[in-house]
Amino acid sequence: MIHVLISTIFIAACYKWGDWKRWRTYYPTILFFMVGDLLYNVLFYDYPMWMFHDGPIPLFHYDVIISLLHMFTRYPATVILYLSLFPAGKVKGIVWGLTWIGVYSLIEVFDLYIGSISHHNGWSLWWSVFFNISIFLMLKIHHHKPLLAWGLSLMWTLLLWNMLDIPVSILK
């Protein structure tokens, strides 16, 4: 239930403050965000770094359903809000990025506290914060230079793979 509530808040915020009328401008970056999560869900199905759970009020019983909910609600709203309201100026841009990293990280702290997410296979809250930093950097880069973002994301994925010592045998 908490996943639906937070997704609803994201959608409402996007409707109120985001440039949702120009969603087509942000569509490629929305897909980039969704494809990244989809790849994670496929590649790490049998070796998850994190898993979503119902939390205190059960509504969804499967991690993949909750992941799809995030992909089709939170991610589009996040991209539209993040990019359409991105401020001019280096310092303001950094503060804006840090704000979003903080929002995503605080949501995860809350989710951990209520049991709607769990970490596995060496993942931790600190890895999530580090990962959130990369997400918001990549979203901004992708919006302006998509091929660069894909290349950097591939390198980031390989780096994480090695740092977390993930066995290649998980690939089928």
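Biologist: Where is the place of leucine 159?
Modeller: Leucine 159 sits in helix α6, residues 146-163; helices here are DSSP runs of H or I with at least four residues, numbered from the N terminus. This is a predicted model, in which local features need pLDDT of at least 70 and side-chain atom pairs count only at pLDDT 80 or more, while totals for chains, interfaces and linings use all residues. Residues are numbered from 1 along each chain as its sequence is written, and side-chain values use heavy atoms, with hydrogens and water left out.

Biologist: Why is leucine 159 called partly exposed?
Modeller: Its relative accessible area is 42%. Buried means under 20%, exposed over 50%, and partly exposed in between (1.4 Å probe, protein chains only); leucine 159 is therefore partly exposed.

Biologist: What makes asparagine 132 buried?
Modeller: Asparagine 132 has a relative accessible area of 5%, so it is buried. This residue lies in helix α5, residues 125-144.

Biologist: Which residues does asparagine 132 touch, not counting residues up to four places away in sequence?
Modeller: Asparagine 132 touches Ile101, Tyr104 and Ser105 on that count, where contact means heavy atoms within 4.5 Å.

Biologist: At what angle do helix α2 and helix α3 pack?
Modeller: Helix α2 (residues 23-43) and helix α3 (residues 63-84) pack at about 145°, and their axes are 9 Å apart. The axes are lines fitted to C-alpha atoms, for helices over the stretch in contact, and angles run from 0 to 180 degrees between N-to-C directions.

Biologist: Which residues make that contact?
Modeller: Among them are Trp23, Phe33 and Leu38 of α2, and Met71, Tyr75 and Leu83 of α3.

Terms used
Helices (H or I, at least four residues) and strands (E, at least two) are DSSP runs, numbered from the N terminus.
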